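Student: Could you go through this model with me? I would like to begin with the strands and then turn to salt bridges and a pocket.

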Amino acid sequence: MAAEGLDDDGFIAREGSLGRVRQEFAPVVDSARALIAETFDRDRLHSAYLYGSIPRGTATPAVSDLDLLLALRREPTGTDRSDADALEAALDASFPQVNGVGILLFSTSTLLSDLERHDLGWFLACLCTPLLGDDLATDLPRYRPTALLARETNGDLGLALPQWRERRAAGGTDAEREALSRIVSRRIVRTGLTLVMPRWGGWTSDLTRSAEVFGHYYPERAAQMRRAAAIARTPTADLPALDVLIDDLGPWLAAEYAAVHGEKAPRT
């Protein structure tokens, strides 16, 4: 029997599909497909993908966001980003069943590059669901839950900590602190999962399950990781909770990750 999240050959199974999109979100996906095709012509757009809870079939109306990745034929320009921002705003305003829309832009050369083979390449091949165009996953390898994959996906957590501290120090509104807690907690839980992924020998994007798997290998940090998973689901403006993530669990996790898997290859 295949391990959790793997196919019968031991490779990480692609986790989403258009067939898993819940009925409430089908109009959002249909509109996204149409607007992307209308905004980005074939000279610019190679392909488009969904990722996150909507293609996994686990999205909650008015809570979950719509996540999209666009693979462009050339490096993204300022115009591309402006057009994507306008698309985000239009979709978010039109559909109350989504709580925000995010669009990632990358060139096909970046997505297929050797440097990104075990990061963005893996992300597209395993976590993204084709929406428009030819699927770039056919040009990528199949992936196992290896230490190399762990290092290249999340071996740069230490670089994020100073940025998070700057955002926390800037203060801001409760909504801004909640947004930061969501970013921090999700990244920490996912990093916790990939830290133990090679030993566990499986894959999951479920945050609660990720915390549970992590806690099996690091019981002394299990309660903190469960709390991080809870914050990822229900963000908080509570500063003490954010402090634990940024000043305690986060630095420990970054150091442990570097010791176990090494650091991610530098990006320019």
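The conversation below takes up these topics in turn.

Student: Before the details, what kind of model is this, and how are residues numbered?

Tutor: This is a predicted model, in which local features need pLDDT of at least 70, side-chain atom pairs count only at pLDDT 80 or more, and totals for chains, interfaces and linings use all residues. Residues are numbered from 1 along each chain as its sequence is written, and side-chain values use heavy atoms, with hydrogens and water left out.

Student: Is strand S2 mostly covered or uncovered?

Tutor: Strand S2, residues 66-72, is mostly covered, and seven of its seven residues are buried. Buried means under 20% relative accessible area, exposed over 50%, and partly exposed in between, with a 1.4 Å probe and protein chains only. Strands (E, at least two residues) and helices (H or I, at least four) are DSSP runs, numbered from the N terminus.

Student: Which residues sit on each side of S2?

Tutor: Leu 66, Leu 68, Leu 70 and Leu 72 are on one side, and Asp 67, Leu 69 and Ala 71 are on the other; both faces are covered.

Student: Which strands does S2 pair with, and in what direction do they run?

Tutor: Strand S1 (residues 45-51) is joined to S2 by six bridges, and the two run antiparallel. Strand S3 (residues 101-107) is joined to S2 by seven bridges, and this pair runs parallel. Two strands pair if DSSP finds at least two bridges between them.

Student: Which residues of S3 are on the covered face and which on the uncovered one?

Tutor: The covered face of S3 holds Val 101, Ile 103, Leu 105 and Ser 107, and the uncovered face holds Gly 102, Leu 104 and Phe 106.

Student: What unit do S2, helix H3 and S3 make?

Tutor: With helix H3 (residues 78-94), S2 and S3 make a right-handed β-α-β unit. A crossover is right-handed if, with the strands pointing away from the viewer, the path from the first strand over the helix to the second runs clockwise.

Student: Changing topic, how many salt bridges are found in the whole structure?

Tutor: The search finds 26 salt bridges, each being a side-chain nitrogen of Lys or Arg within 4 Å of a carboxyl oxygen of Asp or Glu.

Student: Which parts does the salt bridge between Asp 80 and Arg 44 tie together?

Tutor: The side chains of Asp 80 and Arg 44 meet at 2.6 Å, N to O. Asp 80 lies in helix H3 and Arg 44 in the loop between H1 and S1, so the pair ties together parts that are 36 residues apart in sequence. Both Asp 80 and Arg 44 are buried.

Student: And what about Glu 15 and Arg 56?

Tutor: Their side chains also meet in a salt bridge, at 3.4 Å, N to O. Glu 15 lies in the segment before helix H1 (26-39) and Arg 56 in helix H2 (residues 53-56), so this pair ties together parts that are 41 residues apart in sequence. Glu 15 counts as buried at 12% relative accessibility, whereas Arg 56, at 24%, counts as partly exposed.

Student: Which residue forms a salt bridge with Asp 114?

Tutor: Arg 117 does, with the closest N and O atoms 3.4 Å apart. Arg 117 counts as partly exposed at 22% relative accessibility, and Asp 114 counts as exposed at 66%.

Student: Now the second largest pocket: what is its volume, and which element supplies the largest share of its lining?

Tutor: Its volume is about 220 Å³, and S1 supplies the largest share of the lining, three residues. A pocket is an open set of points on a 1 Å grid over the protein atoms alone, where a 1.4 Å probe fits, with protein on both sides within 12 Å along at least five of seven lines; lining residues have an atom within 4 Å of a point. Grid points are joined across faces, edges and corners, and the volume is the space filled by probe spheres set on the points.

Student: Which residues are in that lining?

Tutor: Among them are Phe 40, His 46, Arg 73 and Asp 134.
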